[in-house]
Amino acid sequence: MDVSKSQLLLKRGVNVKAIVTTLWKEEVQQQLQTQINQLDQQLQQLDMEGQRAISAIQKQSVQPPGPQTQQQIDNIQIQVNQKKSEFLEQKNQLLQNLQQVQFLELDQEVNQFQMEGFFKVETGDNLISKMQVEVVLRDGIVEEIRGDI
């Protein structure tokens, strides 16, 4: 009587690493610069929308503005400043990332992202070793798969 082993299909996180090349650095720097430029545009748009909203309230109110009108203007300004602060924080993080990329040495491995993948496990397998899998890319091409597939 042939008894097959029990199998189970599980999901694991797979670390994807990149080998730093000139091309990789250029692409990452370009992506980061694009994100920085988008944040700059969003900051400008936020300023314009905030000013438009304040102008609309001022046009509708009596002069000089009463306390209720001033409270509305203050609330808009607070919201604009909070959103600006968030954008500036994101921009600062992107600028730091951009600086870090510039200092990376060629052929150094860096964590790029993590993705999920499925794998089979059966009785007798070392689960810990099966969970530790990495994919190494060089300019987007899989160069090596490390771990117990």
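Q: What makes Glu 134 part of strand E3?
A: Glu 134 lies in strand E3, residues 134-138; strands are DSSP runs of E of at least two residues, numbered from the N terminus. This is a predicted model, in which local features need pLDDT of at least 70, side-chain atom pairs count only at pLDDT 80 or more, and totals for chains, interfaces and linings use all residues. Residues are numbered from 1 along each chain as its sequence is written, and side-chain values use heavy atoms, with hydrogens and water left out.

Q: Why is Glu 134 called buried?
A: Its relative accessible area is 19%. Buried means under 20% (1.4 Å probe, protein chains only), with exposed over 50% and partly exposed in between, so Glu 134 is buried.

Q: What makes the pairing of the Glu 134 and Lys 17 side chains a polar contact?
A: The distance is 3.2 Å. A polar contact is a pair of N or O atoms within 3.5 Å, one able to donate a hydrogen and the other to accept it within protein; residues adjacent in sequence count only if both atoms are side-chain atoms. The Glu 134 and Lys 17 side chains therefore make a polar contact.

Q: How do you know that the length of H2 agrees with its number of residues?
A: The expected span of a helix (H or I, at least four residues) is 1.5 Å times one less than its number of residues. For the 37 residues of H2 this gives 54 Å, and the end C-alpha atoms are 54 Å apart, so the values agree.

Q: Which residues of H2 are buried?
A: They are Thr 69, Ile 73, Ile 76, Val 80, Phe 87, Leu 94, Leu 98 and Val 101. What covers them includes H1.

How values were computed
Contact = heavy atoms within 4.5 Å.
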